[in-house]
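Please look over the model below before reading the comments. They are numbered so that each can be checked on its own.

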Amino acid sequence: MSLFAAPNLTDEEKRILDGGEGIVKQKCMEYLVELCQISGAERLVDLNGTGDMHTPGLNLSQHHVITLDELSDFADRGGRFKIPTFADKSPFMDQPPIHGWEHCNLCAGKRPDARQDDPIFHEKAMQRETFQILQKMGLITTHSCANYLVMSYLPSVGQHCSWFESSQQTYCNATLGARTNFDGTLATCLLGKAPYYDMHITENRHGTIMVTTDRLITSDIEWDVYGFAVGEACDVEVPIVNNTVIPNTTQYQKFNSAIATGGAVRMYHLPGITPEAPTASFAAGGKPIKEYIHIDEAALRRTYDVLNYRNKDDIDMVYLGCPHLNIVDLMTLALKLEGKKCKIPLWIVTAPWLYAPAKELGYLEKFEKAGALLLSGTCLAAVGSVPDGVRNIAVDTAKQAYYITGCYPDENDPLYVSYGSTDECIDAALTGKWRGEWR
Amino acid sequence: MSKRFYGRCEYPGQVTAEAIVAPKYLQGFTNVDPFSGYTTERNHPLCRVPYTGKVLVFYSPRGSGGFLMYGFGAKPAAFVHTKSSPLTVGAIVQARIPSISDFEEDPLPFIESGDTVFVNADEGYIEVTKKGSA
């Protein structure tokens, strides 16, 4: 058996690997070749869709590092991204909120020298010099984990993409019918090539597991809990998910993030709904189903209980915006909060490019009058902490509920999470009490 | 007692170390502390159990691309896992430690934490020696 074999490269790819097109492209190609060796991909695929990368992203890995000088030189010589590439929310702890940072009273990674509301720290963390170079190369700096909300240029069905964010993998593959693996980096987006394996190949996208449940999945929280449960049950398989209504954008956001938290699902089908599933049989590629999984009422209840990690009903803070909220979410929240007053901090987080519309439409003013804080481009879990003194937080998404506690692993000083619907979270913000329950 | 399992080399190298077996999917991002070398996922049987320098044995990851953080800092000596996916590829390119997956026979039911595992990724197999056996 051939072990750790090099992929088959075209003459153009070999020339890049040999340094014929400069050091930056060479390092990118070396990285892609190593990904092929690890994954077993026999070749690269030319990308014709879009890119999504966590920024700044100069370190492709610990062993494949592009220096700022190298990148600057590359950009000066006319170096550009090969495919339209969008900046995801940075996963690095120092990442600042783009809007609302002046009121963001927490320390990145719990480091006292990294207060997000400190103007000096903020300016440094914005890394303007790096982003100017990336923008010169064509990076579209959306800075959002839900940048598909504002791209205005979505990939078409069947296009080969290179995205990174887990909740966006499922959005790209399942919701849009475009094709991506978890590999959106400077390397793939700059070269316009990615290892040809997994979700780029039609057969691997076919459904393998048939999932059913007892109830019709209708509400936002049902989509979220069902998503986590399906993920846990299916992990790396491709589920064909039944017993749902047609999801709206908010529900897709919840389901896509939850299924990629509870499991490693990067592709699923909703028969009669998602682009590659006109029918369940078509979604399965005409092949037999490997396994039938029924997620009954007890399993949904268990999942809800797993997402809750609560020791009392007093809440210190409410966080909404995982993934970043769309404009309809913001409108709905603004109208619900109109004339109300929050008793505890309520943070609402959206994509930076939706902040200006939220302001123009009067939502920002409504939030401020209610005592809520509108932020953009950030995430508590990614920053790795909550504001000082917060030990009981309420959230409305499985993803944030399951990740934020990992930042507080000390058994003697844990962070507790109350998980429920958006309305239950609003109620908690207005009363300081948790009254949510699974229905 | 020992047994050999053949699989696909994901990253070459040879190492012998004690196994630490995850009885449940492993998750990265905030649910791993790469500096301490343990998972911080609430509910996980390996929460705060160090994997550093051991052969980390698991079925598959789940969750965010932040699984790649298992390849940073106080990393394991080797990865042995049942299912490969883009998440494991992302971790291995960071870790550059001997790694094997896609076995002819899944070794997970056979390996327990504390067993000694010889990972010979160069030749595409692992050899598991049960704890307590000479």
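The points below go from the whole chains to single residues.

1. Basis. This is a predicted model, in which local features need pLDDT of at least 70 and side-chain atom pairs count only at pLDDT 80 or more, while totals for chains, interfaces and linings use all residues. Residues are numbered from 1 along each chain as its sequence is written, chains are lettered from A and ligands numbered from 1 in the order in which they are written, and side-chain values use heavy atoms, with hydrogens and water left out.

2. Make-up of chain A. Chain A contains 17 helices and 14 strands. Helices here are DSSP runs of H or I with at least four residues, strands are runs of E with at least two, and both are numbered from the N terminus. The radius of gyration of chain A is 22 Å, close to the 22 Å given by the globule rule for 439 residues, so chain A is as compact as a globular protein of that length. (The radius is taken over C-alpha atoms, and the rule is 2.2 Å times the number of residues to the power 0.38.) The C-alpha trace of chain A spans about 65 × 60 × 45 Å along its principal axes.

3. Make-up of chain B. Chain B has 1 helix and 12 strands, and from the N terminus their order is β-β-β-β-β-β-β-β-β-α-β-β-β. Along the principal axes, the C-alpha trace of chain B spans about 40 × 30 × 20 Å.

4. Of the 439 residues in chain A, 62% are buried; of the 134 in chain B, 64% are. Buried means under 20% relative accessible area, exposed means over 50%, and partly exposed is in between (1.4 Å probe, protein chains only). In chain A, 75% of the contacts with a separation of 6 or more join residues 24 or more positions apart. For chain B, 58% of the contacts between residues at least 6 apart in sequence join residues at least 24 apart. A contact means heavy atoms within 4.5 Å.

5. Cores. Which residues have the most contacts inside the largest nonpolar core? They are Leu71(A), Met137(A), Leu186(A), Phe79(B) and Ile126(B), and this core has 82 residues. Helix H2 (residues 23–39) of chain A gives the most to this core, with 9 residues. Apart from it lies another core, of 73 residues, including Val211(A) and Ile293(A). A nonpolar core is a set of buried Ala, Val, Leu, Ile, Met, Phe, Trp, Tyr and Cys residues joined through side-chain atoms within 4.5 Å. In soluble globular proteins, nonpolar side chains tend to be buried together.

6. Phe103(B). Is Phe103(B) buried or exposed? With a relative accessible area of 12%, Phe103(B) is buried. Phe103(B) sits in the loop between strand S10 (99–101) and strand S11 (116–120) of chain B. Leaving aside neighbours within four places in sequence, Phe103(B) is in contact with Phe5(B), Tyr6(B), Gly7(B), Val80(B), His81(B) and Ile126(B).

7. Pro91(A) lies in the loop between strand S5 (85–87) and helix H4 (119–125) of chain A. Pro91(A) counts as partly exposed because its relative accessible area is 28%. Neighbours within four places aside, Pro91(A) is in contact with His54(A), Thr55(A) and Ala382(A). Thr55(A) is joined to Pro56(A) by a cis peptide bond, with omega about 0°. Another cis peptide bond joins Cys322(A) and Pro323(A), with omega about -15°; Pro323(A) is in strand S10 (residues 317–325) of chain A.

8. Positive phi. Lys110(A) is not a glycine, yet has a positive phi of about 65°. Lys110(A) is in the loop between S5 and H4 of chain A, and counts as partly exposed at 40% relative accessibility. Ser152(A), also not a glycine, has a positive phi of about 60°. Ser152(A) is in the loop between helix H5 (128–136) and helix H6 (166–175) of chain A, and counts as exposed at 77% relative accessibility.
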